[in-house]
Amino acid sequence: MSGLVAWWDDPASGPENMAADEVLAAEAAATGRPLVRFYGWSEPTVSLGGFQRLAEARASAAIAGLPLVRRPSGGGAILHGGDLTYAAAVPRGHPWGGDPQSLYDAFHAALETVLRDFGVAATRHPGRPRDAGDEHRLLCFDRRARGDLIVASAAAGADGHKILGSAQRRLHAAVLQHGSLLLATPPTVPSPARHPGLLDLVVAASSWDLRELATAWLQEVAARAGGALEAGPDRFAGSRKRVVAERACRFRDEAWLERR
Amino acid sequence: MAALKFAKTHEWIRLEDDGLATVGISAYAVEALTDLVFMQLPEVGRQVKAGESIGEIESVKAVSDFYAPVSGQVVAVNGVLPNELETLGKDPYGAGWLVKLRPSDTGELAPLLDTTAYDALVKSQPH
């Protein structure tokens with residue numbers, strides 16, 4: 001059975017969210033099924049990519065004073081609080097568990113299709129050449145990688161406004177993909193870290209039911225996986241409190257945050 | 001010098017004449033990861049078990065582990081590689097080696113894949 005099992009989780013701290021995502025990956029490996037959870041954050045939080053330099057993040061005025069958590073996945077720093085965050089996990093034997101781009105494209109192309117149905121012309125970025133130095137930019141939404149979902153605007157030039165970025169942790173038995181759909185940056189965030197989100201760029205989006213949009217997105221992902229969308233029982237993290245709490249210790253540990 | 005053998009997780013290993021084993025990652029794995037940006041190698045002296053993660057590689061969008069194909073002690077790492085990651089793509093079975101291990105049991109090499117079996121595995125991988 002393929003398709004996709006999905007959960008909507010309550011807001012939680014950075015360490016708890018990262019721990020729950022690792023549990024999600026372990027369950028994808030154990031069950032052999034693609035799993036996904038959407039979740040919120042108990043306070044605006046910056047998640048750093050797996051090997052981003054902590055000193056660089058701490059020196060950035062754009063995100064000064066915000067709590068930091070280091071993801072197990074790669075990519076750039078994301079300021080959470082005005083986004084829709086997801087974690088997806090697929091077993092390594094799944095058709096999306098091989099080439100890294102396939103899982104990336106599965107979620108991004110699906111949202112591209114659904115947004116088109118909502119009347120929004122979002123496109124996938126072709127990626128910038130390596131010498132553009134994207135990996136040296138601190139913030140994910142300042143980077144452009146192949147498949148990033150962008151909304152064109154004259155003000156943003158050829159690279160457009162990025163509204164969806166994702167990054168992966170490729171484990172022995174599963175691939176964990178983190179992604180962030182930018183809705184609107186909280187007004188308290190300093191301007192260098194502000195990027196226009198879907199609600200800023202699309203006037204009609206303010207009247208949308210975002211849960212409906214996200215459900216349509218996941219239904220499209222599930223269809224691409226050759227199955228249907230299935231609602232997971234209960235809350236994912238809420239019904240696995242003990243194991244999530246145990247794993248969260250690692251993400252609270254300064255040694256993890258300071259690994260680079 | 002013995003022939004290459006491969007783990008299903010895409011590391012290669014070669015038993016050298018001096019009894020040490022050189023370990024790297026296959027050309028297929030390097031190509032699949034695309035643009036590499038960072039690598040973390042294990043500490044020399046570390047004891048590792050077969051299948052244990054011994055380091056991590058970051059590409060533009062993903063962090064991946066690489067694993068010890070056999071148990072043993074890490075006796076050397078390719079220290080220049082993290083600053084010259086392009087070497088992994090140019091010469092994955094030569095200058096792009098990652099670590100040298102002193103195997104604790106060379107019998108652990110037996111179940112690893114030979115080149116023919118590994119090529120078949122790669123062809124069966126989802127794309």
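1. Leaving aside its neighbours within four places in sequence, which residues is A:A89 in contact with? They are A:L24, A:A25, A:A28, A:L35, A:A174, A:V175 and A:L176, where contact means C-beta atoms, placed from the backbone, within 7 Å. Before going on, a word on the model: it is predicted, with local features needing pLDDT of at least 70 and side-chain atom pairs counting only at pLDDT 80 or more, while totals for chains, interfaces and linings use all residues. Residues are numbered from 1 along each chain as its sequence is written, and chains are lettered from A and ligands numbered from 1 in the order in which they are written.

2. A:A89 also turns up in the largest nonpolar core, which has 71 residues. A:A89 is listed there with A:L24, A:A77, A:I163, A:A174 and A:V221 as having the most contacts inside that core. By core I mean buried Ala, Val, Leu, Ile, Met, Phe, Trp, Tyr and Cys residues joined through C-beta atoms within 7 Å; buried means 20 or more other C-beta atoms within 10 Å of the residue's own, with C-beta atoms placed from the backbone. Apart from it lies another core, of 31 residues, including B:A7, B:A21, B:A68 and B:V77.

3. Now chain B. It has three helices and nine strands, running β-β-β-α-β-β-β-β-β-α-β-α from the N terminus. These are DSSP runs numbered from the N terminus: helices are H or I, at least four residues, and strands are E, at least two. Buried residues make up 39% of the 127 in chain B.

4. Six strands of chain B form an open sheet in the order 1-2-3-9-8-5, with antiparallel pairing; strands pair if DSSP finds at least two bridges between them. Strand 1 (5–6) and strand 5 (47–48) of chain B are the edges, each pairing on one side only. Inside the sheet, strand 8 (residues 72–77) and strand 9 (residues 99–103) of chain B are joined by five antiparallel bridges, and B:G72 sits opposite B:P103.

5. Then the contact between the chains: 21 residues come from chain A and 17 residues from chain B. On the chain A side, helix 3 (100–117) and strand 9 (157–170) each supply at least two residues, and strand 9 of chain A gives the largest share, four residues.

6. Look at the strands here too. Strand 9 of chain A pairs with strand 7 (residues 62–67) of chain B in the parallel sense, over three bridges. A:R170 stands opposite B:S64 in strand 7 of chain B.

Technical notes:
A residue is buried if 20 or more other C-beta atoms lie within 10 Å of its own, exposed if 12 or fewer, and partly exposed in between; C-beta atoms are placed from the backbone. Two residues are in contact if their C-beta atoms, placed from the backbone, lie within 7 Å.
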